[in-house]
Amino acid sequence: MLYKDFKESIKSLGFLSIEDFMHYAGVTSNDVLNWEERNEVPYMVSLILHLLKGEKESLPMNSTLDNVIEECLPLASLLEEVSSFPHKLEEMFLLQKKLNDSTNGKNWELGLNKFGKEINWLRCIHMEVAELIESTPWKHWKNINSAPDMNNIHVELVDIWHFLMSYILQETNVPKAVSLVNTHCIYEIFQEVDVKLMVKEAEKLSYISLAIDTGNMPSFSGIERFIDQFFRCCKISGLSFMWLQKLYIGKNCLNQFRQDNGYKEGSYIKVWNGNEDNVIMVSLLENMDDVGFDDLYSKLKEEYSKCK
């Protein structure tokens, strides 16, 4: 719904002002200013107005209607969130392509970087799975009662996602990649993480990598298996798609920051005053409501300057 239609709708429903509707719907003035700037209101607000228009009374004071709205809001919120997934996927794939172009040079999709070094995304995924497993107490001889490092596990999943997206882009283009992935992004995360199950499901990503790399699985069917299995791992580990996207923007930004500060040459400092740069990046993300690449890059630059 456009903002101008929103203004007309609330007047026709008997609200004396936008402030009256704000009070009723529980939204803030900042929300309304944002709608006006974008000339668009969220889906759940449109749903509330649609429900209100169905009432016979001019003023929205009906308790039955309030109950209906209360029941519909979670669904409306979910639909609004899901509607943003294709855009978020496209943003991630474009950022990944840009990073690969910058790091590996043009035509990296052919399997060689600008220095003539072979690129093997499948091996990259296999190695990142091993790092994920290392974040769990899988060893029978050491730290057997330790808790898994879930923050790092989520970071490792994001690293896998970088390489999986790169592999998908090597085999297809951005619009097709978004189409392939989109339906897999809607899932409900496990509230209680079963570590053994998580490790077993993560290992399956390695199996798929090795099966494709050794010619025992066709590449395209392997991509579909990869996507399905990856998001199953996210679900089991408690990593929602929205937090995956946020972490991806953060890690993509950190990867670019690393390249700009001597990572390939070996001069980059990875531990910043006792904390690995991944940890610093996540702590910055947790304090940012809306993650923007440029804003996060500036914050990383500020933190990095303190450890030189």
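Predicted model: local features only at pLDDT ≥ 70, side-chain atom pairs only at ≥ 80, totals over all residues.
**View 1. Helices H12 and H13 at their crossing.**
Two packed helices are described by the angle between their axes and the distance between the axes. Helix H12 spans residues 241–260 and helix H13 spans residues 277–286. Their axes come within 10 Å and cross at roughly 130 degrees. Angles over 145 degrees count as roughly antiparallel and those from 65 to 115 as roughly perpendicular; H12 and H13 are therefore oblique to each other. The crossing of H12 past H13 is right-handed. On the H12 side, the contact is made by Trp243, Lys246, Leu247, Gly250, Lys251, Leu254 and Arg258. H13 contributes Asp277, Asn278, Met281, Val282, Leu285 and Glu286.

**View 2. Lysine 251, a buried residue of helix H12.**
Lysine 251 is part of helix H12 and is among the residues through which H12 meets H13. The relative accessibility of lysine 251 is 2%, and buried means under 20%, so this residue counts as buried. With residues up to four places away in sequence not counted, lysine 251 touches Asn278 and Met281, which also belong to the H13 side of the helix contact.

**View 3. Leucine 244 and its surroundings.**
Leucine 244 also lies in helix H12. Its relative accessibility is 0%, and leucine 244 therefore counts as buried. Beyond its neighbours within four places in sequence, leucine 244 is in contact with Val158, Trp161, Phe230, Phe231 and Leu239. Leucine 244 and valine 158 stand 86 residues apart in sequence, yet their C-alpha atoms are 6.6 Å apart in space.

**View 4. The nonpolar cores.**
The largest nonpolar core has 70 residues. Those with the most contacts inside this core are Phe93, Trp161, Val181, Phe226, Phe230, Phe231 and Leu300. Helix H8 (residues 150–171) supplies the largest share of the core, 11 residues. Leucine 300 is in contact with Cys253, Leu254, Phe257, Trp272, Met281 and Leu284, leaving aside neighbours within four places in sequence. A second, separate core has 15 residues, including Phe6, Phe21, Trp35 and Ile48.

Note on methods:
Residues numbered from 1 in each chain as written. Heavy atoms only, no water. Axes fitted to C-alpha atoms, helices over the stretch in contact; angles between N-to-C directions. Helix = DSSP H or I, 4+ residues; strand = E, 2+ residues; numbered from the N terminus. Parallel < 35°, antiparallel > 145°, perpendicular 65-115°, else oblique. Left-handed = near helix turned anticlockwise from the far one by under 90°. Contact = heavy atoms within 4.5 Å. Buried < 20%, exposed > 50% of the residue type's maximum accessible area, 1.4 Å probe, protein only. Core = buried A, V, L, I, M, F, W, Y, C linked by side-chain atoms within 4.5 Å.
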